[in-house]
Amino acid sequence: MKAVVITSPGGPEVLQVQIVEDPEIKDDQVLIKVEATALNRADTLQRKGSYPPPPGSPPYPGLECSGIILQVGKDVTRWKVGDQVCALLGGGGYAEKVAVPAAHVLPLPTGLSLKEAASFPEVACTVWSTVFMMSKLSEGESFLVHGGSSGIGTFAIQIAKYYGVKVFVTAGSNEKLAFCKDIGADVCINYKTEDFVARVKEETGGKGVDVILDNMGGAYFQRNIDSLNFDGRLFIIGLQGGVSTQVNLGSFLAKRLTVQGAGLRNRSPENKAEIIKEVEKNVWPAIEANKVKPVIYKSFPLSQAAEAHQLMESSQHIGKILLVP
């Protein structure tokens with residue numbers, strides 16, 4: 001089969017399509033013929049050599065896909081050959097075929113094309129497992145998501161609104177903020193021209209928001225703390241703004257704050273299976289009711305994986321970028 005190989009750690013140009021061995025499935029896995037895969041920031045880190053795949057996962061990038069099941073392992077009962085599905089992957093989505101544990105597979109949501117479905121597994125599992133399962137975001141609360149126009153952000157806005165949450169977002173252009181507003185964001189803040197802490201305080205009567213989903217890490221840490229309400233929860237899923245910082249711990253005690261962090265890729269297979277169950281139960285109905293829609297900026301063929309990475313790293317896009325074998 002064809003797959004995108006990282007020929008050496010480096011820039012987008014190290015991504016090359018090569019002919020590789022077909023995957024062999026284990027008894028608890030299915031083989032998927034990939035219809036589409038979506039890019040994630042983690043793919044760019046893997047390309048640079050700083051985010052290796054978990055043991056046993058394919059070496060090729062790609063943390064999600066959609067497609068048609070070609071083969072099922074002897075212990076698999078739910079899925080059959082020919083089923084249209086999407087899946088959360090430890091790697092290997094940038095290929096024509098991928099083997100994946102059956103417990104990490106989701107049905108194609110009613111009303112979505114197979115290609116569109118590739119945009120959901122990673123963002124849905126990331127957002128649901130962090131701000132809902134761990135930080136307990138609930139109806140009537142307020143929620144700030146940084147990078148509101150990203151794949152994570154555009155999904156987080158929609159699912160939070162579905163569950164009755166007031167949504168604040170930051171983004172770096174008026175075009176991106178307008179898009180965020182169109183899909184449900186209540187308060188849109190241009191981080192290049194506004195102080196998001198001041199705006200959050202202004203919009204909440206000085207209280208702050210209940211939950212923040214952060215992709216910046218060190219650069220935003222103190223400002224995030226300053227933006228939280230009593231019993232506020234900060235969840236960190238990215239470190240684009242650095243891995244270290246100084247912080248005033250006084251607010252933690254005074255406001256009873258919680259700070260959590262997690263990645264998705266390196267969770268145990270069992271933990272991922274539990275998240276998949278929760279996503280199918282709580283997110284899939286919102287997608288099938290057309291309350292959460294796919295946001296796809298552009299699709300590239302596998303042979304243009306380098307160009308797709310260049311686009312992602314430019315941050316010019318809104319929503320997801322797809323690769324199609």
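This is a predicted model: local features need pLDDT of at least 70, side-chain atom pairs count only at pLDDT 80 or more; totals for chains, interfaces and linings use all residues.
**Notebook: pockets, rings and helix packing**

Strand S6 gives the most to the lining of the second largest pocket, with five residues. Strands here are DSSP runs of E with at least two residues, helices are runs of H or I with at least four, and both are numbered from the N terminus. For the pocket, I worked on a 1 Å grid over the protein atoms alone: a pocket is an open set of points with protein on both sides within 12 Å along at least five of seven lines, a cavity is a set where a 1.4 Å probe fits but cannot get out, and lining residues have an atom within 4 Å of a point.

Residues are numbered from 1 along each chain as its sequence is written, and side-chain values use heavy atoms, with hydrogens and water left out.

**The second largest pocket**

I looked up the space in it and got about 710 Å³; a volume is the space filled by probe spheres set on the grid points, which are joined across faces, edges and corners. I found 38 residues in the lining, and those nearest the centre are Gln29, Gly56, Ser57, Ala99 and Pro101. Strand S6 (97–101) and helix H9 (269–282) are the elements that give two or more residues to this lining. By class I have 18 nonpolar, nine polar and eleven charged residues. Nonpolar covers Ala, Val, Leu, Ile, Met, Phe, Trp, Tyr, Cys and Pro, charged covers Asp, Glu, Lys and Arg, and the others, Gly among them, count as polar.

**The cavity**

How many cavities of 30 Å³ or more does the structure hold? I found one, and the largest cavity has a volume of about 70 Å³. Its lining includes Phe120, Phe155, Gln158 and Lys320. Helix H4 (residues 151–162) gives the most to this lining, with four residues. The lining residues split into six nonpolar, four polar and two charged.

**Aromatic rings**

Next I went after ring pairs: rings of Phe, Tyr and Trp (its six-membered ring) pair if their centres lie within 6.5 Å, and planes under 30 degrees apart are stacked, over 60 edge-to-face, the rest tilted. That rule gives eight aromatic pairs. One of them joins Phe120 and Trp284, edge-to-face, at 6.5 Å centre to centre with 65° between the planes. This pair links distant parts of the chain, 164 residues apart: Phe120 is in the loop between helix H2 (114–117) and helix H3 (121–134), and Trp284 is in helix H10 (residues 284–288).

My cut-offs: buried is under 20%, exposed over 50%, partly exposed in between (1.4 Å probe, protein chains only).

Tyr162 and Tyr163 make another edge-to-face pair, 5.0 Å centre to centre and 85° between the planes. Tyr162 is partly exposed at 35%, and Tyr163 is partly exposed at 28%. I also noted that ring pairs link Trp128, Phe132, Tyr162 and Tyr163 into a cluster.

**Helices H1 and H11**

I checked helix H1 (residues 41–48) and found Ala42, Asp43, Thr44, Gln46 and Arg47 buried. Their cover includes strand S1 (2–6), strand S2 (15–19), strand S3 (29–38) and helix H11 (305–314). After H1 comes Gly49, with a positive phi near 95°.

In H11 the buried residues are Ala305, Ala306, Ala308, His309, Leu311 and Met312. They pack against S1, S2, H1, strand S14 (296–301) and strand S15 (320–324).

**Positive phi**

Which residue just after H11 takes a positive phi? I found Ser315, at about 60°. Ser315 sits in the loop between H11 and S15 and is partly exposed, at 30%. Asn290 is not a glycine, yet its phi is positive at about 65°; I placed Asn290 in the loop between H10 and S14.

**Val197**

Last entry: Val197 is in helix H6 (residues 196–203) and is buried, with 11% relative accessible area. Leaving aside neighbours within four places in sequence, I found Val197 in contact (heavy atoms within 4.5 Å) with Arg223, Asp226 and Ser227. I also looked up Gly250, 53 residues from Val197 along the chain; their C-alpha atoms are separated by 17 Å.
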